[in-house]
Amino acid sequence: MSAPSQIPTPAHTLADSMLSRRFGKETVNYFSSSPINRLSFLRSEHPFLSSALKHPSTRFVLLNNLAPLTRSPSEPYYAKYDEVRKLVAPEFFEPSEEDMVKAFDSRKTNPNLIFLGLDESRKEGGMAWKIYQGTPYFALDVTAKGSEAQQSAAKDVVSAMEDKGLSFFQTRVITTFTPDDAAIYAQARALMDWNNRNTFCGTCGNPTLSVNAGTKRACPPTDAAREAQGQSTERPACSTRTTISNLSFPRTDPTIIVAVVSHDNKRVLLGRSKRFPPNWYSTLAGFIEPAESIEDAVRREVWEEAGVTLSRVVIHSSQPWPYPANLMIGAIAQVSEPAHENINLEHDPELEDARWFKVEEVEEALRIGTSDLSAGAGPEYKGGLRLPPPTAIANQLIRSAVDADYFRGGDKCSL
């Protein structure tokens, strides 16, 4: 089966190497393979950030309650600095990070502004900094919150955008952007959501400060707001300031998702939740627990949800899923003998149903029966099994599970 057009096709997947000959071409999933170089080591270099903020080529992903600004459901709108100047002052990055922490005043608020990186494929007219050149990208929260002045500025920015016929795309999951735009949006959304959820220190409960261009949060030792209450500006002691973990870092929750193959390679195990549309089935999934390997998590989840006992587990590919910040770790697994294939839904009542589907039925559904949870199948579809769309890693796992070449991959050559 040919690779769906929604899937990214970075150059490295086409490169020849001993590993690619041994294991086959790497699978790249939707929301991954961003065109942006994150340049994480420049996030604390405020002279660079200050220049990037105001550069004519710079583009901003605007999020209103996490909904991205778009021209249409398939095309995000990237704002220029002049369009957000009212909300983000030119001197936003002029104080150093150290000075920002020292001058912290919890009464003063700023919108969450996150440096995403540099698109080095767009060098013409882009920003040059040392050996790096390209178009800078930021994510900006334009939700009306914070001080009265900040709320007013945010509302003005939103109104100006809507007056241009643009709108914020309100939907639970976005899978309509191009692969590049989807990867940029995923990074912006996940980091913005994390910032919004971590405005207070998890140890002492005091307000935190966004640092490192929006990718870390600090618990400052002082707060000028305390002085107005007749208190010392020094905050009570907090252990986050005295250890190596003196910052809060963005969180990613690892999740396994697996396509299970029968002992004879002729059937695939799929399950359905009560919230799924009629005939819609997918791969089994669940969170990895502390002190649990990926392989152990796959075996545990499949047994808990379907009562099936697995033998070999192979990690297939992964997909960042920014709702809010999951990392889907995809696997293909197999049952070793027929006695271990018996389905039992009495352990964990998460699934409404689980079934073994013949490979032929799965192949037909992959051709004409895929859709997301809210959409119908294609016009050729006459009923029967429905499966997730190509933008979901579940689709890629199922494709590999019914692909005979995938299971012969180990015979292609030897290292």
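Buried here means under 20% relative accessible area. With that cut-off in hand, welcome to a predicted model in which both faces of strand E1 are covered.

- E1 is mostly covered, with six of its six residues buried.
- On one side of E1 sit Arg 59, Val 61 and Leu 63, and on the other sit Phe 60, Leu 62 and Asn 64; all are buried.
- In a regular strand, side chains alternate between the two faces of the sheet.
- E1 runs parallel to E7, and five bridges join the two strands. In this pairing Phe 60 stands opposite Phe 138 in E7.
- With strand E4 (residues 78-79), E1 pairs in the antiparallel sense over two bridges. Here Phe 60 stands opposite Ala 79 in E4.
- E1 also pairs with E2 in the antiparallel sense, again over two bridges, and Leu 63 stands opposite Pro 68 in E2.
- The hairpin of E1 and E2 has two residues between the strands, and Asn 65 in this hairpin takes a positive phi near 50°.

**The nonpolar cores**

- The largest nonpolar core holds 35 residues, and those with the most contacts inside it are Leu 53, Phe 60, Leu 62 and Leu 113.
- Elements giving two or more residues to this core include helix H2 (46-54), strand E1 (59-64), strand E5 (113-119), strand E7 (132-141) and helix H5 (148-163). H5 provides the largest share, five residues.
- Leu 62 shows how far such contacts reach along the chain: setting aside residues up to four places away in sequence, its neighbours include Ala 67, Leu 69, Val 84, Leu 140, Val 157, Met 161 and Phe 168.
- A second, separate core has 23 residues, among them Ala 139, Ile 174, Ala 188 and Leu 191.

**Glu 83, a buried acidic side chain**

- Glu 83 is found in helix H3. Its relative accessible area is 18%, so Glu 83 counts as buried.
- The side chains of Glu 83 and Lys 164 are joined by a polar contact of 2.3 Å.
- A polar atom of the Glu 83 side chain also lies 2.8 Å from the backbone nitrogen of Lys 80.
- Leaving out residues up to four places away in sequence, Glu 83 touches Tyr 77, Val 157, Met 161 and Lys 164.

- Val 359, Val 362, Ala 365 and Leu 366 are buried in H8. Because these residues cover an arc of only 125° around the axis, they lie on the same side of H8.
- An α-helix has 3.6 residues a turn, so residues three or four places apart point the same way.
- On the other side of H8, Glu 360 and Arg 367 are exposed.
- The cover over the buried residues of H8 includes strand E13 (267-272), strand E17 (353-358) and H9.
- Arg 386 is found in the loop between helix H8 (359-368) and helix H9 (393-401). At a relative accessible area of 11%, Arg 386 is buried.
- Arg 386 and Ser 317 are 69 residues apart in sequence, with a C-alpha to C-alpha separation of 22 Å.

**A three-stranded open sheet**

- Three strands form an open sheet in the order E9-E10-E11, with antiparallel pairing.
- Strand E9 (209-211) and strand E11 (247-248) are the edge strands, each pairing on one side only.
- Three bridges join E9 to strand E10 (residues 216-218), and Ser 210 has Arg 217 in E10 as its bridge partner.

**Backbone details to look at**

- Most residues other than glycine have a negative phi, and most peptide bonds are trans.
- Ala 213 has a positive phi of about 55° although it is not a glycine. Ala 213 belongs to the loop between E9 and E10 and is buried, with a relative accessible area of 4%.
- Asn 279, another residue other than glycine, has a positive phi near 70°. Asn 279 is found in the loop between E13 and strand E14 (284-287) and counts as partly exposed at 42% relative accessibility.
- Tyr 323 and Pro 324 are joined by a cis peptide bond, with omega about 0°. Pro 324 is found in the loop between strand E15 (313-321) and strand E16 (326-334).

Note on methods:
Residues are numbered from 1 along each chain as its sequence is written. This is a predicted model: local features need pLDDT of at least 70, side-chain atom pairs count only at pLDDT 80 or more; totals for chains, interfaces and linings use all residues. Side-chain values use heavy atoms; hydrogens and water are left out. Helices (H or I, at least four residues) and strands (E, at least two) are DSSP runs, numbered from the N terminus. Buried means under 20% relative accessible area, exposed over 50%, partly exposed in between (1.4 Å probe, protein chains only). A nonpolar core is a set of buried Ala, Val, Leu, Ile, Met, Phe, Trp, Tyr and Cys residues joined through side-chain atoms within 4.5 Å. Contact means heavy atoms within 4.5 Å. A polar contact is a pair of N or O atoms within 3.5 Å; within protein, one must be able to donate a hydrogen and the other to accept it, and residues adjacent in sequence count only if both atoms are side-chain atoms. Two strands pair if DSSP finds at least two bridges between them. The arc is that of the directions from the helix axis to the C-beta atoms.
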